[in-house]
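Take a look at the chain shown here. Keep the sequence beside it as you read.

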Amino acid sequence: MRNIRILIKNIRDGFKNVIRNFSLSLASISCITVTLLIVAFAIVGSYNVENFTKVIRDDFTIVVYMNNSNTEETEAKIKNEINGLSNIESIIFNSKKDIANEMKEESEIFNTIISSWSDSENPLYDTYLVKVKNSEKISNTASKIEKIEGVEMVRYGEGMIESLLSIFKMVEKILIVIVVSLVLVTAFLIINTIKITIFSRQEEIEIKRLVGASNFSIKQPFVIEGLFIGVLGSIIPVLVTIYGYSVLYEKTGGILFSKFIQLVEPFPFTFEVSLVLVLIGIVVGMIGSSKAVRKYLKI
């Protein structure tokens, strides 16, 4: 019970100290705010890059062109062989007649040209649209399909797909490094700004020592003060994340430049990011205060 009363008193004192020394605390709060804003952009960017990658992977389709001399039995056999491969998720047949009809609907010019074809004159290919389970193995799967007898050729955007995924992975890793680096830099800055606050209150700490206060009881109010500083520093980044991202999503319709570049839906995404920002602010504020007290006051 006594420990709980002490904790409550230290929480109260920590809050009062933030208010009492607000001009000094403001430097720490501003430091956390600016850093968390950048961290928020990096986290949102990282999540969305991951989402872009997922959308592209989910849309990967291997287009398998059949030889025009194939019979229906041959094409059915080819389908069975493709389905027998380990990396196949689904396979859809698309006849050359259906493809021609789709092209006719796209353009009047196509409609005029294709309408003049008879079934025997149609130069298009019957195709199978194949989706894979693991997009990273799409090249290997496409090579196996291409070797099946009766397959004319296989296309899946080879080269471009691998390059695009490679770029997204690199960007994602860079953003993660940025987030970690910013958190470490913030902790360092917090230690130095809180050191100034603690230095100005050395007399208060000396009095506590003289009356027999333990190192823990001296340090605890500063750690709690760091918690409040972290929470206050995270308010603006949280508001910017929730409202700013929601406005961006609404204005763009959730799509940037292309249907492949789809933004993550705001809810519950922004609340999850906000929770992470608050936790980072609290942890960095508390660790910064703790280290400042231990390192510079040698408690």
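## Ground rules

This is a predicted model: local features need pLDDT of at least 70, side-chain atom pairs count only at pLDDT 80 or more, and totals for chains, interfaces and linings use all residues. Residues are numbered from 1 along each chain as its sequence is written, and side-chain values use heavy atoms, with hydrogens and water left out.

## The whole chain

The chain has 10 helices and four strands. Helices (H or I, at least four residues) and strands (E, at least two) are DSSP runs, numbered from the N terminus. Along the sequence, the pattern reads α-α-β-α-β-α-α-β-α-β-α-α-α-α.

The chain has 299 residues, and 38% of them count as buried. Buried means under 20% relative accessible area, exposed over 50%, and partly exposed in between (1.4 Å probe, protein chains only). The accessible surface is about 17500 Å², and carbon and sulfur atoms hold 63% of it. Such areas come from the Shrake-Rupley method with a 1.4 Å probe; for residues, only the protein chains shown count as cover.

Now for contacts, meaning heavy atoms within 4.5 Å. Take those between residues at least 6 apart in sequence: 82% join residues at least 24 apart.

## Helix α3

Helix α3 covers residues 72-83. At 1.5 Å a residue, its 12 residues should span 16 Å. The expected span is 1.5 Å times one less than the number of residues. The end C-alpha atoms are 17 Å apart, which agrees.

Which residues of α3 are buried? They are E75, I78 and I82. These cover an arc of only 55° around the axis, so they lie on the same side of α3. The arc is that of the directions from the helix axis to the C-beta atoms. E73, K77 and N80 are exposed on the other side. The cover over the buried residues of α3 includes β1 (62-66), β2 (88-94), β3 (127-132), α6 (138-146) and β4 (151-155).

## Helices α4 and α5

Helix α4 (residues 96-106) packs with helix α5 (residues 108-115) at an angle of about 140°, and their axes are 5 Å apart. That makes α4 oblique to α5. Angles under 35 degrees count as roughly parallel, over 145 as roughly antiparallel, 65 to 115 as roughly perpendicular and the rest as oblique. Axes are lines fitted to C-alpha atoms, for helices over the stretch in contact, and angles run from 0 to 180 degrees between N-to-C directions.

From α4, the contact uses A100, M103, K104 and E106; from α5, F110, N111, I114 and S115.

## Residue S246

S246 sits in helix α9 (residues 215-252). Is S246 buried or exposed? S246 is buried, with a relative accessible area of 17%. Setting aside neighbours within four places in sequence, S246 is in contact with T241, P266 and F267.
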